[in-house]
Amino acid sequence: MKTEQPVAVCLVDYTPFAFTIAHTHLWFELDETATIVRSELSISRNAGVDGPLVLDGEGLELLSLKIDGEVLDKSAFSLTEQQLIIAKLPDQCVVSITTKIAPASNHALSGLYISGGRFCTQCEAQGFRHITYYPDRPDVMSRFTVRLEADQTFATLLSNGNLLEAGELENGRHFAVWEDPFKKPAYLFALVGGVFDMIEDQFTTHSGKTVPLRIYVDPGDSHLALYAMDALKRSMKWDEDVFGREYDLDLFMIVAVRSFNFGAMENKGLNIFNSSVLLADADTATDDNFERIESVVAHEYFHNWTGNRITCRDWFQLCLKEGLTVFRDQEFSADQRGRAISRIKDVKALRARQFPEDAGPLAHPVRPSSYLAIDNFYTATVYEKGAELIRALKTMLGAQVFATGMAHYFDTLDGTAATMEQFIECFAKVSGTDLSKFLRWYGQAGTPHVTITSKWDEQAGQLAVTMQQKTPPTPGQKHKQSVPIPVRVGLLGKTGPVLFSVVGHAREELEETVLLLDEDQKTWVFEGLREQPIVSAFRQFSAPIVIHMERTKPQQAHVIASDPDLFNRWEEAQRFGREQLRTMTKQVLSGTEPMADPQYLSALSAVIDDPTLEPAFVALVLQPPSENEIFQLMKDAVPEAIHRARSTLLLQLAQANQAKLLAFQQTMRPAGTFQPDGKSAGMRALANQALVLLAHIDDERLVGAQVQADNMTDTVASLVALDAAKSNQLKPALDAFYAKWQNNPLVIDKWFALQATAHGTDINALRQLLQHPDFSVSNPNRARAVYGAFSNGNLALFHTKNGDGYRLLAEGILEIDGENPALAARLMGAFESWRQVEPTRREIARSIITRVRDSDGLSKNTFEIASKHLA
């Protein structure tokens, strides 16, 4: 066992910083192996607070320390591996610190490092302490002025804010001075230096200010940034139109880098992006890539107000900036690409990533109470569930009150580091509603389960609907409180929506209303009914819950065909599909041939036959629940049985609709040149879903013809279909794909991921893939393309019966952990569902996770995740 365990940081221990830093002045003499950083901090002690000045710093060489220009004697301060502590300080002074760092040796990609021969920073959450000694916490906000100096080979020098001056120096060097007029915490600091191509556009704000927009990319990649620029301009307009937020600086910049641990970072005025979520054209990017770029560009821009202008008081409040901003980018995407389709996709992602997290050993509240490594809490719970809670709040209060509450939030907390309590209080004040119970959502982990039953009184024309909520125990939280759950509900009759009123509410006829389940159990009586209706609850997925409701198969088919809420039509198809796959998996395990229920196949055929439905929706309905989702529902799961059951279901669905699927595959192609808009993407999605289904009938000729498609979306779909068809054309197709794209790193990431997720891949083939000259664990995108893709996207391979999948991932994690602990810990998350698997594999997984946890020199990031898996 490790002899020294990290100490947890706890929310209850929060204390304000004892000082205010009015201004932070930084000078950088950039050098790849020996960068000199000089800081001047204008400090004043807060009233009534005593104690030393404690500055964070790791991996730094201290060269100089001065107070008001005087060198500080070594006896007046202490230095540890993580802190610089100055015991006595005047109430007001200037602290000057000079340090030396080696960016080229920074493989953790936190702080200042080298990416593709260029200087780059990543300071969230705690990267600034790798640059200089500083109070590296989000509640310390300061105005920054930054002077960058470098060789002229690093032709572009960028930092936050507005450019004050730039010029040439002696000895082939040059400089640039940047000033950010807005206070910010150190995690929002950014610096970039190198050679780039740049595209430029502009945006005129609603007040008439013209803002230059610049995107910096690798030389030769300018054309790949055009879509991101368009998405940025649409984001800026949307934020003005919907939230009334205008951009505040004179310039907005984005830089794309290849080596980056995250998707992107919202540094004030200088967003830094992983190239994978910025660069795209029809030849190199899929529709999913375009959609993600649009979403991430919007997300990082929206942070300018929800994250930058108002930041979080401490890292436990991370959900305040991230959950709120995810909600905002989801709303933007819904307006751009269609609300129903976007909502379905958001919920699919929530169930794939967050529901397993909430049900497993890594379960934690949206606002955690403690952590060992804050990097481990950039999770689906904080982001996606956090966004769902904002949406639930809006549903409870109504759109107008919610908008008023957001305006109050911006008006009263601008320029501060805030808490969730302060955020919720804004809505309580404008609505006159006690929202104290809503904060329970943020303090307890787990997904509430809601059971709905109903009792029909034909004589009275009334339907009594009872809802019960219960949240299962999670690690460290055995007992759960009820939470306020908004239920958007309607009633469905034989020919369509049924009008109703609710006893005890305003006596008016409604097609839909929002009820509030804020106790363990509640009953509502719907009256004025002429027939026994079907309850259509949680429309638009009005709260992040698991719903339990008994329906007959004819009722399920009726909801799939007739519910006016498209989300609930899709939801019922998924519920029906889950039932089918669980039954068919049990048939496989019992040795009988798995067979789908004809009523299920008929219900999906009715969707195919409905010409009024948009192609994107039909494509989503034709995707049964994933293998991973069924895995989460089964005790002592056997992944290969789940895979066979789902493959058989897809085959039988294809056989039942072969002619119509062939028509979709051949006719659902947008006319003209490739366009990445939602409508065109929806048509391609249906054509390609039809293709994958037909591949299960083994029509290799049909699949092979599409390999030569003129866009990456269709090309990737054809490779997936070849894998589904178990075709011997797959390997030569992959070889041709590599030969064509071997010089494009982002496309080759796809090539690696396609093989890691292919059902024909075995562990030996995966090990060979790891030996490929283009594979490197030092690049996060490439490591995720293999280790992340196979452990999350190839269920049967990861859970191979002899444990080789577990061993392969563990070996990769330990190799990566020494250089990039944040990435290693994220990959370790793939073990979260190890207790679901059957006993033999479960014990193998336990022993391998234990070996990782007990490894010498393991980072606190990976130690924390491994320990929670075993708790």
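The protein contains 27 helices and 33 strands. Its radius of gyration is 28 Å, close to the 29 Å that the globule rule gives for 871 residues, so the protein is as compact as a globular protein of that length. The model is a predicted one. Along the principal axes, the C-alpha trace spans about 90 × 65 × 60 Å.

Among the contacts with a separation of 6 or more, 70% are made by residues 24 or more positions apart.

One sheet can be followed strand by strand. Strands of a sheet pair through backbone hydrogen bonds, in either a parallel or an antiparallel manner. Here, 3 strands form an open sheet in the order S4-S8-S7, and the pairing is antiparallel. Strand S4 (53-56) and strand S7 (77-79) stand at the edges with a single partner strand each, so one side of each is left without a neighbour in the sheet. From one strand to the next, the twist averages 15°.

The pairing of S7 with strand S8 can be taken down to residues. Strand S8 covers residues 83-86, and 3 bridges join S7 to S8, the two running antiparallel. Phe-77 stands opposite Ile-86 in S8. Phe-77 belongs to the stretch 77-79 of the edge strand S7, while Ile-86 lies within the 83-86 range of S8.

Methods
Residues numbered from 1 in each chain as written. Predicted model: local features only at pLDDT ≥ 70, side-chain atom pairs only at ≥ 80, totals over all residues. Heavy atoms only, no water. Pairing = 2+ DSSP bridges. Helix = DSSP H or I, 4+ residues; strand = E, 2+ residues; numbered from the N terminus. Axes fitted to C-alpha atoms, helices over the stretch in contact; angles between N-to-C directions. Rg over C-alpha atoms; globule rule 2.2 N^0.38 Å. Contact = heavy atoms within 4.5 Å.
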